[in-house]
Amino acid sequence: MLLGGELGTVYPSAEERVEEPPKPFVLPPANSNMRRVYAYLVKHRNIDRSVVAHFAREKLLYEDADYHNAVFVGTDEDGVPRHAHKRSANSFGKAFRLNVEGCDPRHSFHHIGTDGSLYVFEAPIDMLSYITLHPEGWQSHSYVACCGTSIQPVLKLLERQPQINTVLLCLDNDEAGHLASRRMKEQLAERYTVERLIPAHKDWNDDLTAEEPSYAQVMQ
């Protein structure tokens, strides 16, 4: 039309994009041992060996066969794996972090205790680091690593554990962690007592590996 009917070309509209169905969730194949993951978590990250061993025995932590990543597994109410977070076990180079395709974000890496407290973290390593820093009676508490800053795993665990009355937000000491903590507190404050525990450094593993003694600040 713009060319007065001369030399013009009619372009067909693009076809509608057909979304592929999501792939089913499958755990990465496990390695025959966990030597590299143990070495990384215990020697490089300073996490207590007994804490690593506990989650390994529960089949919530293992080493994958292909790339020797640490795999942190999240299960549903029936103990069926629904989520897996892979973390490279290299002590040098750029870190690799990835949730396995097809996993359910509501069922991330966690531990269910018996008392009324739930500790919330961004990453599995931060969760294990906090337990190492505060080992007394840790198994009686509940913990969840969101593998990010989504509240979905928190809400799911609270739904599963009606005895919980106190939520302790242990997210990173940075802008993203503070914003996510405020957002979560707004959503939870009507039903639960919500506290904010802030690591002295950026995260709880930084506290654990720091030379000076670590401490936690509490922000109401």
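This section describes the sheet, nonpolar cores, pocket and cavity of a predicted model. Local features were taken at pLDDT of at least 70 and side-chain atom pairs only at pLDDT 80 or more, whereas totals for chains, interfaces and linings use all residues. Residues are numbered from 1 along each chain as its sequence is written, and side-chain values use heavy atoms, with hydrogens and water left out.

Helices (H or I, at least four residues) and strands (E, at least two) are DSSP runs numbered from the N terminus, and two strands are taken as paired if DSSP finds at least two bridges between them. Four strands form an open sheet in the order β1-β2-β3-β4, with antiparallel pairing. Because β1 (61-63) and β4 (97-99) stand at the edges with a single partner strand each, one side of each is left without a neighbour in the sheet. On average, neighbouring strands of this sheet are turned by 25° against each other, direction ignored; the axes are lines fitted to C-alpha atoms.

Within the sheet, antiparallel β2 and β3 are joined by 6 bridges, and Ala70 stands opposite Arg87 in β3. These two strands form a hairpin with 5 residues between them, and Gly79 in the turn has a positive phi of about 80°. Strand β3 (residues 81-87) is also joined to β4 by 3 bridges, again in antiparallel fashion, with Leu98 of β4 as the bridge partner of Lys86. Of the 7 residues of β3, 5 are buried (under 20% relative accessible area, 1.4 Å probe, protein chains only).

A nonpolar core is a set of buried Ala, Val, Leu, Ile, Met, Phe, Trp, Tyr and Cys residues joined through side-chain atoms within 4.5 Å. The largest has 37 residues, and Phe55 and Leu61 have the most contacts inside it. At least two residues of this core come from each of α1 (35-44), α2 (49-57), β1, β2 (70-75), β6 (117-121), α3 (124-133), β7 (142-145) and α6 (204-209). Residues up to four places away in sequence aside, Leu61 touches Met34, Val37, Leu41, Val52, Phe55, Ala56, Ala70, Val71 and Phe72 (contact: heavy atoms within 4.5 Å). A second, separate core of 17 residues includes Leu118, Val154, Met184 and Val194.

Pockets and cavities were located on a 1 Å grid over the protein atoms alone: a cavity is a set of points where a 1.4 Å probe fits but cannot get out, a pocket is an open set with protein on both sides within 12 Å along at least five of seven lines, and lining residues have an atom within 4 Å of a point. The largest pocket has a volume of about 310 Å³. Its lining comprises 17 residues, of which Arg87, Arg97, Ala123, Asp126 and Asp203 lie nearest the centre. β3, α3 and α6 each supply at least two lining residues, and α3 gives the most, with 3.

The whole structure contains 1 cavity of 30 Å³ or more, and the volume of the largest cavity is about 50 Å³. Helix α4 (residues 152-160) gives the most to the lining of this cavity, with 4 residues. The buried residues of α4 are Pro153, Val154, Lys156, Leu157, Leu158 and Arg160; what covers them includes β2, β5 (110-111), β6, β7, β8 (166-169) and α5 (175-188).

Terms used
Axes fitted to C-alpha atoms, helices over the stretch in contact; angles between N-to-C directions. Buried < 20%, exposed > 50% of the residue type's maximum accessible area, 1.4 Å probe, protein only. Points joined across faces, edges and corners; volume = space filled by probe spheres on them.
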